[in-house]
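Trainee: I would like to go through this model piece by piece. Please put the sequence and structure up, and I will ask as we go.

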Amino acid sequence: MTRFASAFSKGPVLVTFITGGDGDTAANLDALVAGGADVIELGMPFTDPMADGPAIQAANLRSLAKGTTTADLFAIAADFRSRHPDTPLVLMGYANPMTIRGAEWFAAECAKAGFDGVICVDIPSEEDAELGPALRAAGVDLIRLATPTTDAARLPDVLSGASGFLYYVSVAGITGQQQAAQASIEDAVARLKAATDLPVAVGFGVRTPEQAAAIARVADGVVVGSALIDIIAEHGDAAAPHVEAFTRTLADAIHGAKEIAA
Amino acid sequence: MTETTTLPNSFRTGPDERGHFGQFGGRYVAETLMPLILDLERHYRAAQADPAFKAEFDYLLKHYVGRPSPLWFAERLTDHLGGAKIYLKREDLNHTGAHKINNCIGQILLAKRMGKTKIIAETGAGQHGVATATVAALFGLPCTIFMGAVDVARQQPNVFRMKLLGAEVVAVESGAKTLKDAMNEALRHWVANVHDTFYIIGTVAGPHPYPELVRDFQSVIGDEAKAQILEAEGRLPDMLIAPVGGGSNAIGLFHPFLDDAEVEIVGVEAAGEGLDGKHAASLAGGRPGILHGNKTYLLQDEDGQITEAHSISAGLDYPGIGPEHSWLHDIGRVRYEPVTDAEALASFQKLTKLEGIIPALESAHAIAAAERIAPTLGKDKIIIVNCSGRGDKDIFTVAEALGVAL
């Protein structure tokens, strides 16, 4: 069983996102696990994060200003994997840093570092050849994004070649801004689950345990990013205890939602 | 037989159905935007097949923009250089003072066809912003222009023009606060407002079908130039020269001539302080990568982080280039040469004094290349240079560079 399958088999999961190289990343990753995060997305910093709101934009620039390189990011991941053999780890970012040395090189490095999956924001299914075949050959899941604008006609293309889980971007917009109405999330998740056996995780604009619990009642996972990034921005290198405490409130809400649902 | 060893029968058939020029171009956008990009392409195909669309486009270009723009024989510049005859394609004489308006007319007609009620655009120097605000005013649509905060500060006259035209100007504070950041912010706004908003991209870049449709709207430049030179000289030119930032004026001039093998074509990149220093020459100093929806040559470091471009010309100050130029560069149909800030500044003054034409600093880069090349060619040779815009907007920059206090 893959790490993803194992994580999602336990019920609704907490997926957390932080930007690699922003703050004390190793300590923050440990704090996420200690706080109860089930899946971790590590952001690959990029100079031009077009799909991100102000919080994650700033995290990208803070990381790059400290000199974070692609090699640093893979080292962070490999260290994490040695400490946490069971937690699924996803690399999330933009096409250019992922493809600049060639897709095969990137896929091999991801596998070597212990990444289970990759989310690339700006490679839609139309451009799958850019990264998809190399990742699949290396045994790394390509996690696709579905959005409120993904209509029924497109959905099969989006799902083709997708693995690991499906990430539902619940808002047509950028990260960390407004939250979607619960009813629209429920409709979308039902539509997606009718079309795929992959677990569906919902993200964008989720900031509170209450929102997370509500989504967890209908989805397989809830993604929280900007709210964690805000904590790291506030506390800098001393953020880990705060990250852990906030993660625990989210994890308790999501894992508790499972029991209510059951 | 492989693609890489065989030149195409025509250089004018691209892009392919997925928006690729060779390995360049494509649609590298977030999933949220993909359905809209596909919808835009469907509407563009329908517009291409609709004679009424072309008729309205042509009407506006003639009666609103003032086309055709003249092809001016620059006799004093020619005599001064002592070589090939130099003709200037006078895009500076268009309404709003540059080629940018051609594309804006085409795109706002598309926006209207698609039922979009709001217009957004990015701008660097402000020329595309002014042209977009102009057509938005003409069509009565609300318009928001994203402009880097640094550019807002150094291009105040254009900011004021846009506001007079009724546009809202958003000063973008993210990243380096210049053109690429303005484009990021426009994309962020678009992704949150796809249902009612049309994004008028200002150059032959971005996701397919933008590079194709912007090229098509700008090709009026080359179509006119071809007819005009045939009338004036009875033959095609020996060479075309145009400045290239994103490359919309250049592709507009070049595209109708791409299959005329006897016409040599030269694109001019901004070499800034020199290729060893800060510059904006994506082909000379960059390598292929993915940014802003397309694969193309980009200024970047070894990790694929985008590096800052520099040019004295704000319109060339972008770390990428249109994907069709990247392809034309790789297959060798167009030669791209660098011109520095200092060379452009000298040519700006020279053209002004010799011809009574104040060129945009962008266009001055092409003039500088012509000054370099014309003396090496015989007097029986003909060069067409794209005078893509007028230089009134640049007088403050030039004054500062020359140490003149206004």
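This is a predicted model: local features need pLDDT of at least 70, side-chain atom pairs count only at pLDDT 80 or more; totals for chains, interfaces and linings use all residues.

Trainee: How far apart in space are D301(B) and R287(B)?
Mentor: In sequence, D301(B) and R287(B) are 14 residues apart. C-alpha to C-alpha, the distance between D301(B) and R287(B) is 9.4 Å.

Trainee: How many residues of α13(B) are buried?
Mentor: The buried residues of α13(B) are P323(B), E324(B), H325(B), S326(B), W327(B), L328(B) and H329(B). The helix is described as mostly covered. Of its 9 residues, the number buried is 7.

Trainee: Which residue with a positive phi follows α13(B)?
Mentor: The phi in question is near 85°. The residue that follows α13(B) with this positive phi is G332(B).

Trainee: How far apart do the C-alpha centres of domain 1 and domain 2 of chain B lie?
Mentor: Domain 1 of chain B covers 28-61 + 100-214, and domain 2 covers 66-98 + 219-401. The C-alpha centres of these two domains of chain B are separated by 23 Å.

Trainee: Which elements give two or more residues to the side of domain 1 of chain B that touches domain 2 of chain B?
Mentor: In this contact, 29 residues of domain 1 of chain B meet 30 residues of domain 2 of chain B. On the domain 1 side, the elements giving two or more residues are α4 (100-113), α5 (127-139), α7 (156-164), α8 and α9 (210-218) of chain B.

Trainee: By class, what does that side of domain 1 of chain B have?
Mentor: The classes are nonpolar, polar and charged. The side of domain 1 of chain B that touches domain 2 of chain B has 16 nonpolar, 10 polar and 3 charged residues.

Trainee: Which element gives the largest share of the side of chain B that touches chain A?
Mentor: Between the chains, 28 residues of chain B are in contact with 32 residues of chain A. The elements of chain B that give two or more residues to its side are β2 (24-28), α1 (34-48), α8 (179-192) and β11 (287-291). The largest share, 6 residues, comes from α8(B).

Trainee: How far apart are the end C-alpha atoms of residues 66-387 of chain B?
Mentor: For this span, an unreviewed UniProt entry lists "domain: Tryptophan synthase beta chain-like PALP". The span is 42% helix and 21% strand. Its end C-alpha atoms are separated by 16 Å.

Trainee: Which residues does UniProt list for "active site"?
Mentor: The listing comes from an unreviewed entry.

Trainee: Is E41(A) buried or exposed, and why?
Mentor: E41(A) lies in strand β2 (residues 39-43) of chain A. Leaving aside neighbours within four places in sequence, the contacts of E41(A) include V15(A), F17(A) and I119(A). A residue is buried if 20 or more other C-beta atoms lie within 10 Å of its own. Because 29 other C-beta atoms lie within 10 Å, E41(A) is buried.

Trainee: Which residues does D52(A) touch, not counting those up to four places away in sequence?
Mentor: D52(A) is placed in the loop between β2 and α3 (54-65) of chain A. With 27 other C-beta atoms within 10 Å, D52(A) is buried. The residues it touches are Q57(A), I174(A) and T175(A).

Note on methods
Residues are numbered from 1 along each chain as its sequence is written. Chains are lettered from A and ligands numbered from 1 in the order in which they are written. UniProt positions are given in the numbering used here, feature names are shortened, and annotations may be inferred rather than shown by experiment. Helices (H or I, at least four residues) and strands (E, at least two) are DSSP runs, numbered from the N terminus. Two residues are in contact if their C-beta atoms, placed from the backbone, lie within 7 Å. A residue is buried if 20 or more other C-beta atoms lie within 10 Å of its own, exposed if 12 or fewer, and partly exposed in between; C-beta atoms are placed from the backbone. Domain bounds come from an automatic or database domain assignment. Ala, Val, Leu, Ile, Met, Phe, Trp, Tyr, Cys and Pro count as nonpolar, Asp, Glu, Lys and Arg as charged, and the others, Gly among them, as polar.
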